[in-house]
Structures are given as structure tokens and as C-alpha cells.
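Here is a walk through one protein chain, meant for someone meeting it for the first time. Have a look at the structure, and then we'll go through it piece by piece.

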Amino acid sequence: MSEPRLNDPHAPLNRTWMQRDLNALWHPCTQMKDHEHYPLIPVRRGEGVWLEDMAGQHYLDAISSWWVNILGHANPRINAKLRTQMNKLEHVILSGFTHEPVIQLSERLGRITPEGLGHCFYGDNGSAAIEIALKMSLHYWRNIGRPEKRRFLTITNGYHGETVGALSVSDLGLYAAPYESLLFDVLKVPSPDCFGLPREQWDEHAARMFVHMEQAVAQHAHELAAVILEPLVQCAGGMRMYPPSYLTRLRALCDHHGVQLIVDEIAVGFGRTGTLFACEQAGIRPDYLCLSKALTGGYLPLSVVLTTDQIYDAFYDDYTTMKAFLHSHSYTGNALACATALATLDILEEDDVIAGNRHRAQRMAAAAETFRTHPHVGDVRQTGMIVAIEMVKDKASLTPFPFEERRGMRAYEVALAHGVLLRPLGNVLYWMPPYIISDDEIDHLAEVTALALEAATAS
Ligand SMILES: *Cc1c(COP(=O)(O)O)cnc(C)c1O
């Protein structure tokens, strides 16, 4: 499938659309002035792992369109189920009313997530799921007569979304700095991130870092509502990784001190880390499990927070006790979105996709091996279907390239010209492809990444 000739992202047909776009839009997570130099790629079609621009050039979507698309673009099986649902019911208010797709999806999520998470509360994006979990936790403690438990604790370098509550429990200054005055005060302990360490040392490192967590939870248990974190991979924080043992310890610690645990699997749920959910690897059940992104196979916005009977019951009382969780979004439990989620779960099951990912992950590991010896690669790490290659200025000391040099953007441009959509996070190149990627496509991705890496690290 690789294109023999180089892509020209500035091709005339693309430029026309780019001009119209720039007159009318404002893009997410973008300094719009960058588009004076960097092309904006107008996409007219998608198929499998490939995107096609207005000039007919192809790009391998190596980042699953921001981590959402796990089963390929224009997937015929998801399309068919979406069409069927569309002819029956597109959406209905979910207060006082319900519908078949949302009931089926909730039953099914209850079955496939860690045992005991039997109640699904829906939102329409990941950040909303985080707000729901935070509010539920706070409200839970209030309902059971412990209103003083209202603080949250997290690990550094985390990311949980862009709305004000989600931003408060995140730790990426870059996204939060201008809004500091809006954010609430959150406790933070150093991340167990294993950057630069060989796999054999991850557990030992995480155990050492857990001491900070132990101290903080013990000291603040009386005022803590919950600990919130991303399991195994801090995605937006540069695909930094840590082992399941940290989560196993954390679950026991939270139980011991009567603190709830919110696990944000928005980016890693549905097979990304090698198991259907990252929690499985640690053998834990969180009090709140937040899911979104791949939930609908990358088709439609939908998120969900799963929680336990015990928490649900703390809200269940006569209306006048004011214990109800009075939170809602207009598109809560949208029927079309639920239908695409059901179609996604069907495919994951019918094709035994998670088992297939073991082979694909090995192929990705083999393809990434060559980068280890590169003089400007400080770390090559992998968890399941995520591979990260971190560029450094100095390999021995792991000194990063200054962010002003925008090395990642150089890699982005070269990859586009060679028909691959990489979207580095600062100095971190990563692969997070749809699970339908073929062996040949993985090899193509590795070849283009090598070219991108060369260009990005040249002086
Ligand atoms: C993307 C993401 C979110 C926010 O989801 P949105 O749908 O973008 O609001 C929250 N947590 C994690 C871990 C994410 O990667």
C-alpha cells in the first residue's frame, strides 16, 4: 500500500480547502499561526488504516486519529449496524426514557469490565466522564455523612481532559497554565514513570516510587475522596509507562485507608495495553472506571463511568433527601453512539482481536528494536499496542532537546511526505495504530519513522 512517490501536502487541491478552512475554523490543540508553514490536510476518505486527502494522496493513520479508531476507518461492519440503528431511533432523552442499544451496551460493559462494576453512567466525551467520576466521588462521601472527604490525589504528568475539573486533576502545565485561577487544589505525588529504565527494573522502580503515594494517602486519608490516575500509560504525558504492580499496591492502599480509586482508561481501554482493560493486568477493580475514545471504535462521541452497587446505593433514597446524582448531558447515552459501541464490541469478540494484538505487538516490538541504538534515542518503550521512541539531545544523560526546537514537528512533516500520519508529543514519536494494521504496514511505518527520526535529530 505504500505510495511510491512522495506526498505533497501542499498540493493545489489541498490548498484550496485549507484556505476555506482557515477562514472559517479554529482547530483543537493548535497554534493556528503554525498553518502559515505546516499544511492542514483535508481528508476526503478513510479506509482501514489509510486516510486519503483531497489530492488523492494517502496517509497511514499511525495514531488511530487521536487514539480513538481501533478497527479502521469506514469499517463495513460498524457502518452496517449504524445504518440499521439510524433507521429505528437516532436519539431519545435518557431521563425517564431508555432504549435497546443503551441497555444492551450497559449489560455488556458490566460483563466485560472487572467484576462488580454494574452501573453505567453516560457522558459524551472523556472529559465529561472525568467530571462525572469526580462529582460522584465527592457526592458519595457527602451522602454517607463524610463531607470532609473532598480532596483528590493524583500522580504527576497525568492527563484527564480539558474541562476545568479534568484539568485540575491533570498535571500538564502546558495545557493548564492560563487557567490556573479556575482550577481547584489537588494533591500530587511523583509518577512511577519508568523512563529510561530497562523492563527488568520497572517493578523495583515503581515500588520505590510507591512510597510517596503511601505517605500522601496515609497523611491525607481523612480529607481524601479519591485517587485518580491513568493506568500503565500516561498517554498525553508523552506515553510514559509503569508496571501493573503499582496499581495492585494502590488498590490495597486505598482500601486500607478508605479512599476511592478512579481509573481513567479513556485512552487505554479496549485492548490498547494488551488486555481488554489495563486494570486486568493489575487484578484490580476500581471504584470508578472511565471509558471513552475507542468505546465507539472511533465513530461517535460517547463516554461512560462504571461504578459499584455500593456507590450506587449511597445515592438511592427518597427524592427529598437530595441524595440523587443530578448530572446530565443532552446527548447522554445517544442511541447511534451506543450502536457503534455494540458493533465495536462484536468485532473485538468475533475476531478475537485482543489475541491477534499479541502478534501485532510483537511485530511492532521487533520493528522498533533498531531505534534503540540510535544516538539520539533515549528510550524505546512499549505496552501492548503502544510503542514510544523518545528523542534526546544527549543519550548518556537523557537530556531532552529543548522544546523550542520542535523536533517532533520535523518528524511530523517528513512522515507526512512519506505517507504516514505521526503526531509526536514533543520529543516523543509514538505508534498507536488501529488494531487492523498488517505486518507490511507495520514495517512501512517503521521505515518512515526511521526517516522522520533522522530528519528530526539532525542538527
Ligand atoms: C483524551 C483523554 C481524556 C479526555 O477525553 P476527551 O474526549 O478528549 O475529552 C481523558 N483522559 C485521558 C487519559 C485521555 O487520553
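How many positive and negative side chains does the protein chain have, and how far apart do the centres of the two sets lie? There are 39 positive and 54 negative side chains, and the two centres lie 2 Å apart. For this count Lys and Arg are positive, Asp and Glu are negative, and His and the chain ends are not counted. Each charge is placed at NZ of Lys, CZ of Arg, CG of Asp or CD of Glu.

A word on the ground rules. This is a predicted model, where local features need pLDDT of at least 70, side-chain atom pairs count only at pLDDT 80 or more, and totals for chains, interfaces and linings use all residues. Residues are numbered from 1 along each chain as its sequence is written, and side-chain values use heavy atoms, with hydrogens and water left out.

**The overall build**

The protein chain has 15 helices and 16 strands; these are DSSP runs numbered from the N terminus, with helices (H or I) of at least four residues and strands (E) of at least two. Its radius of gyration is 22 Å, close to the 23 Å that the globule rule gives for 459 residues, so the chain is as compact as a globular protein of that length. That radius is taken over C-alpha atoms, and the rule is 2.2 Å times the number of residues to the power 0.38. Along the principal axes, the C-alpha atoms fill a box of roughly 70 × 60 × 45 Å.

Of the 459 residues, 55% count as buried. Buried means under 20% relative accessible area, exposed means over 50%, and partly exposed is in between (1.4 Å probe, protein chains only). Take the contacts (heavy atoms within 4.5 Å) between residues at least 6 apart in sequence: 71% of them join residues at least 24 apart.

**Salt bridges**

The structure holds 26 salt bridges, each being a side-chain nitrogen of Lys or Arg within 4 Å of a carboxyl oxygen of Asp or Glu. Here are three of them.

| Pair | Closest N to O distance |
|---|---|
| Arg-240 and Glu-390 | 3.0 Å |
| Arg-251 and Asp-287 | 3.1 Å |

Arg-45 is partly exposed at 40% relative accessibility, whereas Glu-52 is buried at 10%.

Next comes the salt bridge between Glu-390 and Arg-240. Glu-390 sits in strand E14 (residues 386-391) and Arg-240 in strand E9 (residues 240-241), so the pair ties together parts that are 150 residues apart in sequence. Glu-390 is buried at 8% relative accessible area, and Arg-240 is buried at 17%.

Then there's the salt bridge of Asp-287 with Arg-251. Asp-287 is in the loop between helix H10 (279-282) and strand E11 (288-291), while Arg-251 is in helix H9 (residues 244-257), 36 residues away. Both residues, Asp-287 and Arg-251, are buried. Salt bridges with shared partners also make one network out of Asp-193, Arg-240, Asp-379, Arg-381 and Glu-390.

Leu-445 belongs to helix H15 (residues 439-457) and is buried, with a relative accessible area of 1%. What does Leu-445 touch, not counting residues up to four places away in sequence? Its contacts are Ala-62, Val-420, Leu-422, Trp-431 and Ile-437. Leu-445 and Leu-60 are 385 residues apart in sequence, yet their C-alpha atoms are 7.8 Å apart in space.

Glu-131, in helix H5 (residues 126-143), is buried yet has no salt bridge. The nearest side chain of opposite charge, Lys-135, is 7.1 Å away. Setting aside neighbours within four places in sequence, Glu-131 is in contact with Thr-163, Val-164, Gly-165 and Ala-166.
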